[in-house]
Every structure is written in structure tokens, then in C-alpha cells.
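Me: Could you show me how to read strand burial and aromatic pairs in a model like this one?

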Amino acid sequence: MFSKVLVANRGEIALRIIRACQELGIRTVAVYSEADASAPHVREADEAVLVGPPPSSQSYLVGERLIEVAKETGAEAIHPGYGFLSERAWFARAVRDAGLVFIGPPAEAIDAMGSKTDARQLAIKAGVPVVPGNTEGVKDAEEALAIAAQYGFPVLLKAAAGGGGKGMRIVRQASELADALASARREAKNAFGDDAVYLEKYIEGPRHVEIQVLADMHGNVVHLGERECSVQRRHQKMIEEAPSVAVTPELRARMGATAVAAAKAAGYVNAGTCEFLLDRDGNYYFLEMNTRIQVEHPVTELVMGLDLVQWQIRVAAGEKLPFAQKDFTPRGWAIECRITSEDPANGFLPSTGRIEYLHLPSGPGVRWDGGIEAGSVVGLHYDPMLAKLIVHAPTRALAIARMRRALHELTIDGIETSRGFHLRVMDHEEFQRGDISIQWLEQRLPELTSPVTDAGTLELAAIAAALVAHEERNAGRPATSATAPSVAAAPAAAATGVSWAAMARREGLRS
């Protein structure tokens, strides 16, 4: 086992890795930018080294500097977390060439799965079902039109490199194709440095279901069941759960075997995830493989009863998996909400500022994976995800009830967050039934993000805002006009229909 590991990341995933190392008796080295000098992950590590200015291109993405810090501090391995350099084959190769261990898959496996078109070709050779489409980037709009005609509209243009919805366009008719292709190429080039775009048939109303795999250096590969990731906005996951209401034990076995076959075909080692589309008839199609730990890995940990990050480290150190496929059956239900610094009522615009007060939920079956604390400053340099709130319960209905309770307990003052949005999703009848698809959230966004407008709630909000203003005056603090109207103005505000957000952004009352 390693004696020291460098954590090449920040925020909640850096803390998650540090805690896993602590339990294994491994010392840790944190890296940080100037913006993260007082971040919790810096304090929790055994050592911390400044690596550059706030922009990630000058700090967390400078692989040569990270390797240099690892060697200077005597770290034997580097854990990249997710994002940043986690899926860059050149970085995994550079770590290995420097005589260090990359806690993740081999560079060759990242190369094999790093391009969606290469991954499709590999999957086809391994007998893995893929969405109908071409297997290499299209040359021009004319070629794209010919391929689209072969499969029929609508079609989906996708960047061959990267993910997160960048370089992706739905095209529903031939007249839209040329402009969509040019737009997708520009976005792909800006995001990934590669403008290659391929085309596949667009499947209406599917679910996004992914399979977690774990492989060691001794040829053992197991799958750890599925995660339902269909609640997405602009192809970004917002809520995940395990297992999926749409997956039977028989389907789980088939999809799991398919994921294992794809991993073996790529020569995969360590933790990885195969992503699939699942249609209404139970047909599934391979999309891509994420060659890293996923943001949503905690839901799998809770239903399968193991620490995936610790097993990443154990596998990288050469340990053999001590379990077999038969040892894994989902126990209970887990749900994860990504808590972000965004304002859902204002088009999910980023919210910045200082976290003035933080109260975390607790109780049975509640887990908080966060990278913030009271006093943390949230800026625009990095991803808006602040933390992940995860719950586990015997059934899905109880898990939803537990998540609702935990969200009510959560308080983050000083910035806008997605907490209220998640509460509305938990209360939505279709979500409670599990009647969702990857288009569901986009179709329901207006009702899930619109301000509360009924007169009774507005009146209560106005009273709450007035009480906040009164309390701040008594404490000698100036009341902010945007958050706390005066006592005289509150009833008038309620009468004119000003939204909750305009009258009481602190959420003085909880519904």
C-alpha cells in the first residue's frame, strides 16, 4: 500500500479522497489555487502545496506542476478525482513515466474510451449494442445529411471528444443540419480542442442508465449494478439514484454483463462507468465509458456496501478483488441531489458570494459529501457544484421522504442554491412514480422553477421578510433592500405579487 498520495483535485471530491486515504493509513498531499487557499480540503490533508492562480488552466490543469509537487513531497501515487485531468491519457502516461502510480485506468484504456467514436468501434467489435449511427467524425454537412437520411430524423450530433453536453445538437429536419453541425463543431473545438463530430439516431424519451464496473490488475472484473441518471438539464445530471425502477434483475444481469465485456475489451483496470440509453421497450444502447470515478458514485456505495474510492486505491496498489459477481445485490434505495450554487428561478444563473451560515442535515441514512463551510467564498472560477446530499432507505418511497426531510434541514445562507428546486422534484408526482426520461426535466422546468405566486404564500413571505428586517435592525445590521423589505412595504409587496425571491431570499419561512 502507498504511504503518501497526492490528490490532484479540489472541493468535495478532494475531501472524499483524503478521507478514504486516512482510513487506509495513507498520508495525503493537497494542491490548491490561490482562490482555494482556505478551502476545507487544504486543511484536512497532511500537506498542502500552492500550484497557481485561480484559473484552472494555470493551476489544477497544469499536469507537469502536479507531478513535480508529487515528487517533491514524496508521494508515490496521484489520484485525479473527476473532472480536470482525470480522463486525460497524456497525464496518466506522464504520471507513469515519472515513476508514480496513476490511481485510475491505464493511459491506453483512457485512449480507447476517450473518443466516443473510438469507443463505439470498440463496443461494436465486442458485441456491445450501440445507438445506430456512424463510427467516425463526419467530414461535412453533405456527408452528415447522407447519414441522417439513412437513419431518419431526428438525429443527434455529438462531439467525439469530451462530454457534459458540449458539442451536442438535436436535429429534427434536414434544413437545420448544416447550421447545427457548424455550431456543434465550434463548441466542441472550444471545449475539447477537437472539432470532430459524429452522428447517431436520436432516441425519443429514453432513460439514462449507467453501470458501475470495477476491475483489478489480475483480470477480475465485476459490475456493481446500475444508477438511474435521467434527471438532467442540458445533458448535465442533477439527481441520481440506485437502483433504477426500470431495471429488473434479469435486465441488470444483461446490462452488467455488457458493461463487463466493454471494460475487458478496453483492457480496463480500476473503477469506471459504462453509460447506456434504455428505451421504453427495454432495449439498451452503449453510449460511452467514463474512465474515472463518477460524481454519483455514493449511491452505488450505499446500496452495495463498499467504498469505491478505497477500492480505487487498493486496485492501483496491486490488490486483487476479494469478491465475485454473485456477492452484489442492491440493498435498499439511494438518491443523490447535486447541491449547486445556481439560482433555478433565474435560469440557473451562477450565484457567487460568501457562505454566511451553513446547517447540515443529519439523522439515519443521510450523507453529506461537501467541500464548503461557513465562510467559504464561492466564485466563478470552478464548477458550481458545492456538495452532494445523499440518502439511503429500505425503499424508494422512503428514500424520497428522507431526501425531502434532509433538504428541509439543509440551510445555506449567503448565496442562491438548488435546494428548493430539488425539493420540488421530490414532491413531483411523476418523479415519485419513477415516470421519468432524459427529457423529463426539460419539459417540467417551468413548473419546477417558477416563483410561488399564490397570495397566501406571498403574504407569509412578506411577513417573514419584515421579521428579518426587524431582527437585523435590532442587531445593528443594515437590512438589505433586496432581501428584507420594510414592515410597511411588506403587505404592499404581497399585494402586488412580488415573488418570494424578491421579498425573502433568505427563506425565512420553510414550506
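Predicted model: local features only at pLDDT ≥ 70, side-chain atom pairs only at ≥ 80, totals over all residues.

Reply: Residues are numbered from 1 along each chain as its sequence is written, and side-chain values use heavy atoms, with hydrogens and water left out.

Me: How many residues of strand S19 are buried?

Reply: In a regular strand, side chains alternate between the two faces of the sheet. Buried means under 20% relative accessible area, exposed over 50%, partly exposed in between (1.4 Å probe, protein chains only). Strands are DSSP runs of E, at least two residues, numbered from the N terminus. In S19 (residues 366-370), five of the five residues are buried, so the strand is largely enclosed by the rest of the structure. Val366, Trp368 and Gly370 lie on one side, Arg367 and Asp369 on the other.

Me: Which strand does S19 join, and by how many bridges?

Reply: Strands pair if DSSP finds at least two bridges between them. S19 runs antiparallel to S21 (residues 385-393), with five bridges. Asp369 has Lys388 as its bridge partner, while Arg367 stands opposite Ile390.

Me: What about the rings?

Reply: You describe a pair by the distance of the centres and the angle of the planes. Rings of Phe, Tyr and Trp (its six-membered ring) pair with centres within 6.5 Å; planes under 30 degrees apart are stacked, over 60 edge-to-face, the rest tilted. The whole structure has 10 aromatic pairs. Tyr60 and Tyr382 have centres 5.7 Å apart and planes at 75°, so they are edge-to-face. Both Tyr60 and Tyr382 are buried.

Methods
Helix = DSSP H or I, 4+ residues; strand = E, 2+ residues; numbered from the N terminus.
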